[in-house]
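Work through the exercises below with the structure in view. Each task is followed by its solution in steps.

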Amino acid sequence: MRGRPGEAFAGSQPYLKLPGSDRLRTLPDGLWMHFSPDPEDPYADILCIEACSSLQNLLDKRSRFAPSTTSLLVVCPLPWLLGAASEGDPAPRWRLIRLLPHEPAAPLVLPVRDVRVLFGLRARHYDGFARSQMPAPHEYYCPMDALTDEAGDRNPEMFALLGRATGAANFLHLPR
């Protein structure tokens with residue numbers, strides 16, 4: 001489910017935070033979430049998309065998702081949960097999250113089980129990074145143009161990259 005970007009009012013969009021912190025929220029440029037279907041084992045898997053305008057910006061954003069970072073939580077504010085899932089579907093988002101058996105009365109706060117991050121870099125930064133750096137296992141990179149391309153969702157290279165950015169890509173086959 002898409003969490004960001006969303007409605008113009010940023011307070012109603014999901015965000016990431018460290019446990020126990022009421023400040024220093026991380027607001028990825030893009031955030032996609034997969035919620036556990038089991039109320040007995042609540043979690044969210046996330047795919048973040050970060051557009052990096054400079055190498056310093058890349059280093060800052062990479063540090064937020066470093067494997068040594070403590071646990072992350074995803075916070076889904078109540079207005080976002082109660083909001084419509086899409087323009088064409090008036091059903092509230094919380095109904096699509098099988099984890100929630102009843103309408104929520106408070107924000108949904110879940111531990112992040114798995115995180116993947118797609119970084120978009122300016123062309124010259126992308127070329128230099130791809131020649132000299134090794135991404136961490138949860139990191140994926142593309143030129144910024146691939147993120148902003150109007151037909152990007154039909155780009156076979158982008159489709160293949162995102163296919164590799166899933167937990168399922170790490171298994172020979174998934175249980176049936």
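**Exercise 1.** In this predicted model, find which residues the ring pairs link into a cluster.

Solution. 
1. Searching the whole structure gives two aromatic pairs.
2. For F119 and Y141, the ring centres are 5.2 Å apart and the planes meet at 20°. Planes under 30 degrees apart count as stacked, so this pair is stacked.
3. This pair connects distant parts of the chain, since F119 belongs to strand β8 (residues 108–121) and Y141 to strand β9 (residues 139–143), 22 residues apart.
4. For F129 and Y141, the centres are 4.5 Å apart and the planes stand at 35°, so the pair is tilted.
5. F129 is in helix α4 (residues 123–132) and Y141 in strand β9, so this pair ties together parts 12 residues apart in sequence.
6. The ring pairs therefore link F119, F129 and Y141 into a cluster.

**Exercise 2.** Decide whether F119, Y141 and F129 are buried or exposed.

Solution. 
1. The cut-off for buried is under 20% relative accessible area.
2. F119 has 0% relative accessibility, so F119 is buried.
3. Y141 has 10% and counts as buried.
4. F129 has a relative accessible area of 10% and is buried.

**Exercise 3.** Locate T26 and list its contacts beyond the neighbours within four places in sequence.

Solution. 
1. T26 lies in the loop between β2 (15–17) and β3 (30–35).
2. The relative accessible area of T26 is 12%, so T26 counts as buried.
3. With neighbours within four places in sequence set aside, T26 contacts Y15, L16, R64 and F65.
4. One of these residues, Y15, also has a charge over its ring: the charged end of R25 sits there, 4.1 Å from the ring centre.

**Exercise 4.** Check the radius of gyration of the protein chain against that of a compact globule, then describe the chain as a whole.

Solution. 
1. A compact globule of 176 residues would have a radius of gyration near 16 Å; the protein chain has 17 Å, which agrees.
2. Along the principal axes, the C-alpha atoms fill a box of roughly 50 × 40 × 30 Å.
3. The secondary structure consists of six helices and nine strands.
4. Of the 176 residues, 39% are buried.
5. Taking contacts between residues at least 6 apart in sequence, 59% join residues at least 24 apart.

Conventions
Residues numbered from 1 in each chain as written. Predicted model: local features only at pLDDT ≥ 70, side-chain atom pairs only at ≥ 80, totals over all residues. Heavy atoms only, no water. Phe/Tyr/Trp six-rings, centres within 6.5 Å; stacked < 30°, edge-to-face > 60°. Helix = DSSP H or I, 4+ residues; strand = E, 2+ residues; numbered from the N terminus. Buried < 20%, exposed > 50% of the residue type's maximum accessible area, 1.4 Å probe, protein only. Lys NZ or Arg CZ within 6 Å of the ring centre and 35° of its normal. Contact = heavy atoms within 4.5 Å. Rg over C-alpha atoms; globule rule 2.2 N^0.38 Å.
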